[in-house]
Amino acid sequence: MVKHSKVTVTLTVNGVQRTAEVEPRTLLVHFLRDELGLTGTHIGCDTSQCGACTVLLNGDAVKSCTVLAVQADGAEVTTVEGLGTLEALHPVQAGFWEKHGLQCGFCTPGVMMAAVALLKQNPNPTEEEIREGLEGVLCRCTGYQNIVRAVQYAAQQLASEGEPGEQVAATGGGA
Ligand code: FES
Ligand code: FES
């Protein structure tokens with residue numbers, strides 16, 4: 001068996017600097033889940049298609065199964081655990097709660113992170129723009145209608161609070 005020497009990777013995850021020794025082949029999604037215990041980021045496929053693993057990497061939505069942990073060395077990552085708290089939901093989380101934007105919930109962390117990135121780029125998206133913005137994340141349950149309503153709710157909330165897409169809390173912790 002070929003032995004891979006480990007490399008040190010340091011990321012800022014949900015506002016907290018985290019360091020771990022990983023094999024060079026380690027995917028970012030495995031780093032988050034297995035090394036840091038942030039299991040809110042889901043793995044739904046092995047073909048880079050489902051988007052359940054979507055996180056923010058330096059503010060952009062990426063499928064964390066398509067990025068090596070070493071490629072993200074030095075970067076800032078936000079996972080669903082960094083969005084809000086039970087006491088103070090992020091507007092996107094509040095939207096999913098208010099508009100019943102989930103059923104089984106498996107896709108939800110990825111959809112939420114894609115929605116946060118979308119609203120940061122486009123604080124007032126049309127329904128079509130929401131659907132386009134979330135097309136990288138597949139949902140097998142909802143038919144997307146309530147997901148769209150949840151994102152519209154979040155956009156209204158953010159507009160009323162005057163801080164479009166910037167409310168990512170610096171919190172850590174697993175799910
Ligand atoms: S786990 Fe499906 S796209 Fe990453
Ligand atoms: S709520 Fe079940 S996959 Fe989206």
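A residue is called buried here if 20 or more other C-beta atoms lie within 10 Å of its own, exposed if 12 or fewer do, and partly exposed in between, with C-beta atoms placed from the backbone. The views below show a predicted model, in which local features need pLDDT of at least 70 and side-chain atom pairs count only at pLDDT 80 or more, whereas totals for chains, interfaces and linings use all residues. Residues are numbered from 1 along each chain as its sequence is written, and chains are lettered from A and ligands numbered from 1 in the order in which they are written.

**View 1. Overall fold of the protein chain.**
The protein chain has five helices and five strands, where helices (H or I, at least four residues) and strands (E, at least two) are DSSP runs numbered from the N terminus. Their order along the sequence is β-β-α-β-β-β-α-α-α-α. The radius of gyration, taken over C-alpha atoms, is 16 Å, close to the 16 Å that the globule rule gives for 175 residues, so the protein chain is as compact as a globular protein of that length; the rule is 2.2 Å times the number of residues to the power 0.38. Along its principal axes the C-alpha trace spans about 50 × 30 × 25 Å, and 44% of the 175 residues are buried. Two residues are in contact if their C-beta atoms, placed from the backbone, lie within 7 Å, and among contacts between residues at least 6 apart in sequence, 63% join residues at least 24 apart.

The protein chain is divided into domain 1 (7–82) and domain 2 (91–161), with bounds that come from an automatic or database domain assignment. Their C-alpha centres lie 21 Å apart, and 16 residues of domain 1 are in contact with 13 residues of domain 2. On the side of domain 1 that touches domain 2, β3 and β4 each supply at least two residues, and the largest share, three residues, comes from β3. By class, this side of domain 1 has seven nonpolar, eight polar and one charged residues, where Ala, Val, Leu, Ile, Met, Phe, Trp, Tyr, Cys and Pro count as nonpolar, Asp, Glu, Lys and Arg as charged, and the others, Gly among them, as polar.

**View 2. The largest nonpolar core.**
A nonpolar core is a set of buried Ala, Val, Leu, Ile, Met, Phe, Trp, Tyr and Cys residues joined through C-beta atoms within 7 Å. The largest one has 50 residues, and those with the most contacts inside it are Val111, Met112, Met113, Ala114, Ala115, Val116 and Ala154. Two or more residues of this core come from each of β1 (7–13), α1 (28–35), β3 (54–57), β4 (60–63), α2 (91–98), α3 (108–121) and α5 (145–161), with the largest share, nine residues, given by α3. Domain 1 and domain 2 both give residues to this core, so the core lies between them.

**View 3. Helix α3 and its surroundings.**
The 14 residues of α3 reach 20 Å from the first C-alpha to the last, close to the 20 Å expected at 1.5 Å a residue, the expected span being 1.5 Å times one less than the number of residues. Helix α3 is mostly covered, with twelve of its 14 residues buried, and these buried residues pack against β3, β4, α2, α4 (127–133) and α5. Ala115 touches Val92, Leu134, Val151 and Ala154, not counting residues up to four places away in sequence.

**View 4. Helices α2 and α5.**
In α2 the buried residues are Pro91, Val92, Gln93, Gly95 and Phe96, and what covers them includes α3 and α5. Helix α5 has 17 residues and reaches 25 Å from its first C-alpha to its last, close to the 24 Å expected at 1.5 Å a residue. Its buried residues are Asn146, Ile147, Val148, Ala150, Val151, Tyr153, Ala154, Ala155 and Leu158, and they pack against α2, α3 and α4. Gln145, also in α5, is exposed, with 12 other C-beta atoms within 10 Å. Just after α5, Gly162 takes a positive phi of about 75°.

**View 5. Two asparagines with positive phi.**
Asn14 lies in the loop between β1 and β2 (16–22), has a positive phi near 50°, and counts as buried, with 25 C-beta neighbours inside 10 Å. Asn58 lies in the loop between β3 and β4 and has a positive phi of about 50° although it is not a glycine; Asn58 is exposed, with 12 other C-beta atoms within 10 Å.
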